[in-house]
Amino acid sequence: MGLKASEEGIQIAENKRISQGWTRYSSYLYSKANVGETTLRRFWRRKIINVENFQNICNKALGLNWEKLVDWENSTTKKENITSLILKNYNLPPFGDVGCIENVNRFFNRKELLSTLFEEISFGRSISLVGESEIGKSSILYKICNLGNQRISGSKKQDFIYLDLQLFPDDKFFYQTLCNKLNIKIDINDASGFDLKRMLDGKSYILCLDEFEVFTEFSNYALRLLRGLAGADNAPLTLVTASRSSLSELFPDSEKKTSPIYNIFKEMEVKAFQKKDARDFLIHRLQGNKIKFTESQIKELLNKSKCHPARLQEEAASLYNYLAQNNEK
């Protein structure tokens, strides 16, 4: 039983390796992943390796999310079995999640926001999620992709695609990856946006783009391509983006040209938890745990974190670890 990397996954790993100045078989990668040379060579050659070794190479050595690098179709451990395998082998602490929360059992609340999002998406309206860093935007995008087919139904088949734009060095690589995700075989050097739109005729995709600020570093063509594929009724793409700043600030109109994203997004602000939700989150995570927070401790956590999800996790993890250490004495 094991996992193998996809072609796209290896390219993502290569981009990270090159950006850090590592060789493929750097001693740093060996030590961080705690694997041997043969295992590392099999990973780069897209051969099947042990699940834990695959995770360690991606997560610990390369600093990448292992799930985004897997070729699920050709791995011997299937996606539907991997979640139960992880939960069985890893006793996750109640707090301390960092970055995008992909484990469905760790995601908490956001019911009203998700309900509004799915309602807007069902009508083909593109959404811009805006909020400060680590407020939960990435987790919400991932949740949309995870729940999409359960929450949205219609006559046209809709597929949900999540892309973290931080992983793309340029718009050409983004374009190629997008075509791969859309199952389109196309020569990006010769093809136009019109060719892509023609090949998507009659299809419907919801494209969730994380860290949308990266588009400010791409050519204007990439942005106009997205507009052409998402900016009209019955367009093949509906976009959901996440950014720290409003799109009108990131891509303002110029004196001679209208912004490429003008008038196609509805902006929704992602805010910190309400106090009740933050309190419920703390209680929920401690269910079945011998360690409990007192009412005064909960109030202090809410005040310190201002109910910001990432800061609340950090403060709660610190308190939990302190109580756990004292409980062992």
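**Helix packing and selected residues**

User: How do α6 and α7 lie relative to each other?

Analyst: Helices α6 and α7 are oblique to each other. Angles under 35 degrees count as roughly parallel, over 145 as roughly antiparallel, 65 to 115 as roughly perpendicular, and the rest as oblique.

User: What kind of model is this?

Analyst: This is a predicted model, in which local features need pLDDT of at least 70 and side-chain atom pairs count only at pLDDT 80 or more, while totals for chains, interfaces and linings use all residues. Residues are numbered from 1 along each chain as its sequence is written, and side-chain values use heavy atoms, with hydrogens and water left out.

User: Back to α6 and α7. What is the angle, and how far apart are the axes?

Analyst: The angle is about 60 degrees, and the axes lie 11 Å apart. Axes are lines fitted to C-alpha atoms, for helices over the stretch in contact, and angles run from 0 to 180 degrees between N-to-C directions. Helix α6 covers residues 111-122, while α7 covers residues 137-151.

User: Which residues of α6 and α7 meet?

Analyst: From α6 there are Leu113, Leu114, Ser115, Leu117, Phe118 and Ile121. They meet Ile140, Lys143, Ile144, Leu147, Gly148 and Arg151 of α7. Contact means heavy atoms within 4.5 Å.

User: OK, overall view. How many helices and strands are in the chain?

Analyst: The chain has 14 helices and five strands. Helices (H or I, at least four residues) and strands (E, at least two) are DSSP runs, numbered from the N terminus.

User: And how much of the chain is buried?

Analyst: Of the 329 residues in the chain, 49% are buried. Buried means under 20% relative accessible area, exposed over 50%, and partly exposed in between (1.4 Å probe, protein chains only).

User: What share of the contacts is between residues 24 or more positions apart?

Analyst: Among contacts in the chain with a separation of 6 or more, residues 24 or more positions apart account for 69%.

User: Let's look at a strand. Where is Ser128?

Analyst: Ser128 sits in strand β1, residues 126-130. Its relative accessibility is 1%, so Ser128 counts as buried.

User: What does Ser128 touch?

Analyst: Not counting residues up to four places away in sequence, Ser128 touches Thr241, Ser243, Leu247, Phe265, Lys266, Glu267 and Met268.

User: Glu267 is on that list. Which strand is Glu267 in?

Analyst: Glu267 is in strand β5, residues 265-269. It is partly exposed because its relative accessible area is 47%.

User: And which residues is Glu267 in contact with?

Analyst: Leaving aside neighbours within four places in sequence, Glu267 is in contact with Ser128, Val130, Ser246 and Leu247. The C-alpha atoms of Glu267 and Leu247 are separated by 8.4 Å, and these two residues are 20 apart along the chain.

User: Switching to cysteines. How many disulfides are there in the whole structure?

Analyst: A search of the whole structure finds zero disulfides. A disulfide is a pair of cysteine sulfur atoms within 2.5 Å. For Cys100, the nearest cysteine sulfur is that of Cys145, 9.4 Å away.

User: Is Cys307 buried or exposed?

Analyst: Cys307 has 4% relative accessibility and therefore counts as buried. Cys100, at 22%, counts as partly exposed.

User: Another helix pair. How do α12 and α13 pack?

Analyst: Helices α12 (residues 275-285) and α13 (residues 295-305) pack at an angle of about 125 degrees, with their axes 10 Å apart. That makes α12 oblique to α13. On the α12 side the contact is made by Lys275, Ala278, Arg279, Leu282 and Ile283. On the α13 side it is made by Glu295, Ile298, Lys299, Leu301, Leu302 and Asn303.

User: What about phi of Glu211?

Analyst: Phi of Glu211 is near 55 degrees, a positive value in a residue other than glycine. Most residues other than glycine have a negative phi. Glu211 is in the loop between β3 (204-210) and α10 (220-230), and at 18% relative accessibility Glu211 counts as buried.

User: And what is phi of Lys306?

Analyst: Lys306 is not a glycine, yet has a positive phi of about 55 degrees. Lys306 lies in the loop between α13 and α14 (309-328). With 65% relative accessibility, Lys306 counts as exposed.

User: Last one. Where is Tyr221?

Analyst: Tyr221 is in helix α10 and counts as partly exposed at 43% relative accessibility. Tyr221 and Asp171 are 50 residues apart along the chain, with their C-alpha atoms separated by 8.7 Å.
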